[in-house]
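Subject: A structure for you to look at

Hi,

Please have it open while you read.

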Amino acid sequence: MPAVQNLTIAGYKSIRELRDFELRDLNVLIGANGAGKSNFIGFFRMLAEMYEQRLQLYVQTQGGPDALLYFSRKATSLMHARFDFSGEGGYDFALVPTNDNRLIFQSELVWHPPTGKGAGRPTIMPLGAGHAESEIKNSEKQLSEYVRPTIGSWRVYHFHDTSDTARVKQVHATNDTLRLKVDGANLAAYLRMLRGKHEAHYRMIVDTVRLVAPFFGDFVHRDDDASTIELEWTEKSDPDTPFKAHMLSDGTLRFICLSTLLLQPWSLMPSTILIDEPELGLHPFAINVLADLLKRAAERKQLIVSTQSVELLNCFEPSDVVVVDRKDNASTFTRLDAHRLSDWLADYTLGELWKQNVLGGRPA
C-alpha cells in the first residue's frame with residue numbers, strides 16, 4: 001500500500017491552511033502544548049471514522065461542526081483535504097456544515113495518475129456531493145481500489161490508558177486477532193496469534209521487552225479452547241507463577257504495546273502508522289530502544305509520531321523532525337533543515353536546541 005507523499009489540510013481545528021506538505025517515511029512532530037500536534041494526528045483519526053462511515057457520529061461526539069472547523073463556521077465555511085499517495089493516485093474531499101449541525105460532503109473524489117508514454121492528466125472519479133457519509137468504502141468503481149486499502153489501514157495508536165479499567169487489562173475474545181487495536185484492547189489475543197503464526201516476530205517482541213524490563217520472562221499462553229483470554233506474564237526468576245496485567249508498571253505495559261505494534265510482521269502493519277506521544281511513562285533507556293523501533297519500522301512503513309520528549313528527539317535526524325508552532329492563531333508546520341542547523345549541531349543535540357528555542361516549537 002502506498003504512503004502519503006504530500007497532503008493538504010485546510011479549515012480543521014487549529015489548522016487554518018497547510019498546503020502540499022511533504023510527508024516522509026519518518027515524521028516526528030514537536031511543539032508546545034496547544035500548537036496543533038494533536039490536531040494533526042486527530043485529523044487522521046477523523047479520516048478513519050469517515051472511512052468506516054461513522055462521520056456523523058464522530059462529528060456529534062466531538063461537539064458538532066463548530067468544534068471541528070477552524071474557529072467555527074463563523075470563520076470557516078468549508079473543511080478541505082487532499083492526499084497524494086506516492087504516485088498511486090489520491091483522495092480529495094470538502095466538508096461543509098449544515099443547519100442541523102452535521103458535516104456533509106460538498107465534494108469527494110479519487111484519482112489515478114496517468115499511465116503510459118505521453119500520458120496526460122490523471123483520471124478523476126467523482127464520488128458525489130451532498131452525502132453524509134464517505135462513498136469510498138462502498139464504491140465498486142476501479143479507481144477506488146487504489147485509495148480504499150490505504151485509507152482503510154490508517155490507525156492512530158494511543159496506549160496511554162493503563163488504569164485498572166483499561167481495555168488492555170480486560171478479558172477479551174481469543175479470536176480478536178484481525179489487527180492490533182489502537183488502544184491495545186486485544187493485546188493478549190494478538191500476542192497469542194503471533195506466537196502461533198509468526199514465532200520469529202513474537203520472539204523479537206519478548207526479547208525487546210526484556211531489554212527494558214530484565215525481570216520479564218514471557219507471556220502466558222494456556223493450551224485450552226477457551227473463547228476468552230487476558231494478558232498474563234511470568235517473571236524470568238519464577239516461570240511457574242503467572243501474573244495479571246495489573247502487576248506490570250504503566251511504562252512496561254505501554255512498552256509492550258509499542259513493541260507489539262512495531263515488531264509485528266510487515267504484512268500486518270498499516271501503511272501509515274500514527275502514534276501520539278509514545279514516550280509517556282517510559283524510562284530514558286526505554287525511550288532510546290523505542291527510537292530504534294520507530295526507525296526500523298520507518299524502513300518499510302510510514303510513521304507519524306508526536307512527542308514532547310527531549311530524549312526521544314535526540315535520537316532522530318533533523319530531516320525527520322517537523323516543528324509545529326502557533327502563529328496568528330493558526331498551526332504552522334516546518335520541517336527542520338539539516339544544512340541550516342549544521343553549525344549548531346556540531347556543539348549541541350537537537351533536544352538541547354529545542355530547549356534553547358533555536359528550533360521553535362516552544363511557548364512564545
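Leu187, Tyr190, Leu191 and Leu194 of α6 meet Ile256, Cys257 and Thr260 of α8, where contact means heavy atoms within 4.5 Å. Sorted by class, the contact of α6 with α8 has 6 nonpolar residues, 1 polar and no charged. In that sorting, Ala, Val, Leu, Ile, Met, Phe, Trp, Tyr, Cys and Pro are nonpolar, Asp, Glu, Lys and Arg are charged, and the others, Gly among them, are polar.

Before going on, please note that this is a predicted model, in which local features need pLDDT of at least 70 and side-chain atom pairs count only at pLDDT 80 or more, while totals for chains, interfaces and linings use all residues. Residues are numbered from 1 along each chain as its sequence is written, and side-chain values use heavy atoms, with hydrogens and water left out. Helices (H or I, at least four residues) and strands (E, at least two) are DSSP runs, numbered from the N terminus.

Back to the helices. The axes of α6 (residues 187-197) and α8 (residues 250-263) come within 11 Å and cross at roughly 45°. That makes α6 oblique to α8; angles under 35 degrees count as roughly parallel, over 145 as roughly antiparallel, 65 to 115 as roughly perpendicular and the rest as oblique. Axes here are lines fitted to C-alpha atoms, for helices over the stretch in contact, and angles run from 0 to 180 degrees between N-to-C directions.

Helix α6 also packs with α7 (residues 199-212), at an angle of about 125° and with the axes 6 Å apart. That makes α6 oblique to α7 as well. Here Leu191, Leu194, Arg195 and Lys197 of α6 meet Glu199, Tyr202 and Ile205 of α7. By class, this contact of α6 with α7 has 4 nonpolar, no polar and 3 charged residues.

Strand β16 (residues 321-327) runs antiparallel to β17 and is joined to β17 by 6 bridges, with valine 322 opposite arginine 335 in β17.

Another open sheet of 6 strands has the order β2-β1-β4-β5-β6-β7 and antiparallel pairing. β2 (15-22) and β7 (123-126) each have a single partner strand, so one side of each is left without a neighbour in the sheet. Strand β1 (residues 6-12) pairs with β4 over 5 bridges in the antiparallel sense, and leucine 7 has phenylalanine 83 in β4 as its bridge partner. Helix α1 packs on this sheet, touching β1, β2, β4, β5 (90-97) and β6 (103-112), and its direction makes about 95° with that of β1.

Finally, the rings. The count comes to 21 aromatic pairs, taking rings of Phe, Tyr and Trp (its six-membered ring) with centres within 6.5 Å; planes under 30 degrees apart are stacked, over 60 edge-to-face and the rest tilted. Phenylalanine 43 and phenylalanine 83 have ring centres 6.3 Å apart and planes at 20°, so the pair is stacked. Phenylalanine 43 lies in α1 (residues 37-51) and phenylalanine 83 in β4 (residues 79-84), so the pair ties together parts 40 residues apart in sequence.

Best wishes

Technical notes
Two strands pair if DSSP finds at least two bridges between them.
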